[in-house]
Every structure is written in structure tokens, then in C-alpha cells.
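Student: I would like to learn how to read the features of a protein model one by one. Where do we start?

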Amino acid sequence: MTAPGDLLQALFMRLKSDASLTALLGGAGLREQAADSAAFPYVTYGRTSAFDLDTGADNDDDQLITLHVWSKAQGEAETRLIMDSIRARLDGAAFATGSREQTRLSLEFAEARYDEDLALHHGLLRIRAITQQN
């Protein structure tokens, strides 16, 4: 079974290897968590849930990962471009996560909105990861 932290590391490595996403984020825009000193735009990961969709029980083989996109650009175009780049890199992707495991990703939910309280654009991507033993 793939632990949530291992899966997040694999996802971030996959995103960091995407030159177009790196360019959109200005280099070091993938972060584990938001920081006051972080330059915009950037991406962080949020809530990760491990469960079995059929039973609702804990199960590391089926996980939902939330990625957050943060932008202070005028309008939401930058947020949408970053979200589209992430979607292109992850939606439908399959990769090895262990010596005998295969993980397949699918986009479950995406939303972009303006957060008036924070005065920035916030994008949300929820990705489902299903891991199977080979």
C-alpha cells in the first residue's frame, strides 16, 4: 500500500518535472504549505484522505488528494492556466509507486474562485489516486 505522504511526494516530483508548469510558477512554486514569504503564484497540497469508496473504511489503496493554486494576478487567467497544466500532467496518469504497485490518477473536481478575504485567486483540484498491486 502507498502511504499518503509517499503518494504526495510522487505527485510533486511528477509536477516538478513539468517544464511548462515550472515556468508558469516562476521556478519554485510547488510548496508543502503556504508561507508568508512565498512568491505568487504557487501550489500547495491540502487535505489527503485514504479510504475505500465502497465501504468508507480506511484504505491507502484509494486516496483523494487536494492541490491548491494561489495567485494574486489580475483576473483568474493565471490560476486557470496553472490548473490546466496540473490537470494535463496528472489526469489519467499512471505510474509505479512501489516495487509492485501501480497508481492511476483521475481528476475528480476542479474549481477556481476569487477569495475576497485574502484578495487572491484560489484554485482547487481534487485528484483521486487508486493504487493496485501488480
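**Reading the rings, the sheet and a helix**

Tutor: Tyrosine 45 has a relative accessible area of 23% and is therefore partly exposed. Keep in mind that this is a predicted model.

Student: Which residue does the ring of tyrosine 45 pair with, and how is such a pair read?

Tutor: A pair of aromatic rings is described by two values, the distance of the centres and the angle of the planes. The structure holds two aromatic pairs. In one of them, the ring centres of phenylalanine 12 and tyrosine 45 are 5.0 Å apart and the planes stand at 75°, so this pair is edge-to-face. Phenylalanine 12 belongs to helix α1 (residues 4-16) and tyrosine 45 to strand β2 (residues 42-50), so the pair ties together parts 33 residues apart in sequence.

Student: Is phenylalanine 12 buried or exposed?

Tutor: Phenylalanine 12 counts as buried, because its relative accessibility is 8% and the cut-off for buried is under 20%.

Student: What are the values for the pair of phenylalanine 40 and tyrosine 42?

Tutor: Phenylalanine 40 and tyrosine 42 are 5.1 Å apart centre to centre, with 40° between the planes, and the pair is tilted. Phenylalanine 40 is partly exposed at 34% relative accessibility, whereas tyrosine 42 is buried, with a relative accessible area of 5%.

Student: Which pairing, parallel or antiparallel, joins β2 and β3?

Tutor: β2 and β3 (residues 62-71) are antiparallel and pair over seven bridges. Within that pairing, tyrosine 42 is opposite tryptophan 70 in β3, and serine 49 is opposite leucine 64 in β3. On the other hand, β1 (residues 30-31) runs parallel to β2, and two bridges join them. Leucine 30 stands opposite valine 43 in β2.

Student: How many residues does helix α3 have, and what span should they give?

Tutor: Helix α3 (residues 77-90) has 14 residues, which should span 20 Å at 1.5 Å a residue; the end C-alpha atoms are 20 Å apart, so the two agree.

Student: Which residues of α3 are buried?

Tutor: Thr79, Ile82, Met83, Ser85, Ile86 and Leu90 are the buried residues of α3. They lie on the same side of α3, because they cover an arc of only 160° around the axis. The general idea is that an α-helix has 3.6 residues a turn, so residues three or four places apart point the same way. On the face of α3 turned away from the buried side are the exposed residues Ala77 and Ala88. After α3 comes glycine 92, with a positive phi near 85°.

Student: What do the totals for the chain say about burial and contacts?

Tutor: The chain has 134 residues, and 37% of them count as buried. Among contacts with a separation of 6 or more, 57% are between residues 24 or more positions apart. The accessible surface is about 7,400 Å², with 46% belonging to carbon and sulfur atoms.

Key
Residues are numbered from 1 along each chain as its sequence is written. This is a predicted model: local features need pLDDT of at least 70, side-chain atom pairs count only at pLDDT 80 or more; totals for chains, interfaces and linings use all residues. Side-chain values use heavy atoms; hydrogens and water are left out. Buried means under 20% relative accessible area, exposed over 50%, partly exposed in between (1.4 Å probe, protein chains only). Contact means heavy atoms within 4.5 Å. Accessible areas come from the Shrake-Rupley method with a 1.4 Å probe; for residues, only the protein chains shown count as cover. Helices (H or I, at least four residues) and strands (E, at least two) are DSSP runs, numbered from the N terminus. The expected span of a helix is 1.5 Å times one less than its number of residues. The arc is that of the directions from the helix axis to the C-beta atoms. Rings of Phe, Tyr and Trp (its six-membered ring) pair if their centres lie within 6.5 Å; planes under 30 degrees apart count as stacked, over 60 as edge-to-face and the rest as tilted. Two strands pair if DSSP finds at least two bridges between them.
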